[in-house]
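Hi,

Have a look at it first and then read on.

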Amino acid sequence: MILALTIMLIGCSVIKSADIPKLQTGSPLKSISPKVFAFKEFKDIRGTDPHFLWHVGVRDFTLDQPIAKVVAEAIKQEFERNGHRCIDYAPQSKADYTIEGTVYKYSLLFNISFVTTELIASTAVKLTVSHTSPNKGIFSHNYEYESRRSDTTGGPQSQIDIMVQALPSLVKEISTDQKLVEFLQK
Amino acid sequence: MIKRRIILSFILILSFISCTTPPRKQTYINNESLSGIKKVAVVSSANAPDALFSISARESGQAVQVVAAIFPLFIFPMMVLEPAARHSEDKYHSTTINKNVDLMHIEDRIAQSYVRALNKGGIQIAEYIKDKTQDNRQLIEAGYDAVIRLLVREILISRRPGDYVGLNVVTNCQILRADTGKIILDRDESASSSELHTLDDYKINGLKELNTILDKIANNFAYDFLYLK
């Protein structure tokens, strides 16, 4: 009984950002001629520890790096996968666009009925893209992605699976946004 | 006594292992797998929407847990009866909503959006095949380089905060190459509505955002063809 309780309570509750899969789907970002994007440091306004993902019983599930940093990295990788270059922002950096981001949702919610648990992975980032030439405009949008999954217990592995898949899906919302593409094509 | 404890421990461990279907394996396209494809047949199908309103209600679930805690003998009957009652209620909701749902329209919409997106880009001839009796062999014999099957697998009306519901749609796309007989793409795409409605609203007015969701999914599938070459 003690062994069972111990197994329940311990175990890996730090998720590695390297385990988050990369997108392998097509994106209209590729239709834009190669650009350079300078990324400012993303903010996390969730009001929790920067690594915190969700809490179950006595366990906290966290990411091995700050969420805002991992989200920024994932967006950079998606731009680069589609032929663009991403650099860290510095006042003298030569880039076509500056990108700022604010993560305001990144959590796992539970909808529990008697024999089914619905897991709801909820992610959101506000992205602001500014052309470095003045008067060429700013594009800003709140990107949100929510995925749902039901199973009998909603145990740790199901929770990890749905949360690990949440970030690529959020990034896909950005990389398939026609309004963003139209702005970048101007 | 020790044997009983070991058995009880195993039961406790197993009860916390999630009983769930593992995620479906996805196969993604790469630029080599698309080479030489000039003419494609697009076939679509759809499953009827399902309401998951009652089965995902939290408040009643907690009440049942309280009853079961006070009267433990009721645990097992409740585990069977309660979900059955909710399932029956959701079946009623689904039947009512489906009176306003035209499956053929859903199939037409996803296929036509997809064909439109493909024909804008690299694929010279993408044709929507409405005749569902034609199998892959017949389509290949008719001269298509690939057969693309779109299946709107799930249209779920699930609970949102409060008494609102939203739409979640999961669609599968499978592409079969004629020359090799191999499946070069087999993946899912999902999208949800950003609007919230009541269940009654859907029953009276139909699934308002469904067309927008289907267009989005179709475009996302088309991007694989257009931008992974």
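This is a predicted model: local features need pLDDT of at least 70, side-chain atom pairs count only at pLDDT 80 or more; totals for chains, interfaces and linings use all residues.

β4(B) and β5(B) make a hairpin with four residues between them, and B:G162 in that turn has a positive phi of about 75°. Residues are numbered from 1 along each chain as its sequence is written, chains are lettered from A and ligands numbered from 1 in the order in which they are written, and side-chain values use heavy atoms, with hydrogens and water left out.

Back to the sheet in chain B. Two strands count as paired if DSSP finds at least two bridges between them. β4(B), residues 146-159, pairs with β5(B) in the antiparallel sense over 13 bridges, with B:L156 standing opposite B:N168. β5(B) is also joined to β6(B), again antiparallel, by nine bridges, and here B:V169 faces B:A191. Those two strands form a hairpin as well, with five residues between them; B:G181 in the turn has a positive phi of about 75°. Then there is β7(B), residues 197-198, which runs antiparallel to β5(B) and is joined to it by two bridges; B:V165 has B:H197 as its bridge partner.

How enclosed is β5(B), residues 164-177? Twelve of its 14 residues are buried, so the strand is largely enclosed by the rest of the structure. (Buried means under 20% relative accessible area, exposed over 50%, and partly exposed in between, with a 1.4 Å probe and protein chains only.)

Next, the second largest pocket, which has a volume of about 1,300 Å³. Of the 42 residues lining it, the closest to its centre are A:E144, A:E173, B:S192, B:S193 and B:S194. (On a 1 Å grid over the protein atoms alone, a pocket is an open set of points where a 1.4 Å probe fits, with protein on both sides within 12 Å along at least five of seven lines; lining residues have an atom within 4 Å of a point. Grid points are joined across faces, edges and corners, and the volume is the space filled by probe spheres set on them.) β9(A) gives the largest share of the lining, eight residues. Among the other elements supplying at least two residues each are α4 (178-185) of chain A and β6 (183-192) of chain B. By class, the lining has eleven nonpolar, 15 polar and 16 charged residues.

- B:D108 sits in helix α4 (residues 103-120) of chain B and is buried, at 14% relative accessible area. Its side chain makes a polar contact (N or O atoms within 3.5 Å, one able to donate a hydrogen and the other to accept it; residues adjacent in sequence count only if both atoms are side-chain atoms) with the side chain of B:Y128, at 2.6 Å.
- A:N135 lies in the loop between β8 and β9 of chain A. A:N135 has a positive phi of about 65° although it is not a glycine, and is exposed, with a relative accessible area of 82%.
- A:V56 is in strand β4 (residues 52-56) of chain A and is partly exposed at 30%. Leaving aside neighbours within four places in sequence, A:V56 is in contact (heavy atoms within 4.5 Å) with A:F61, A:F110 and A:Q159.

Cheers

Technical notes:
Ala, Val, Leu, Ile, Met, Phe, Trp, Tyr, Cys and Pro count as nonpolar, Asp, Glu, Lys and Arg as charged, and the others, Gly among them, as polar.
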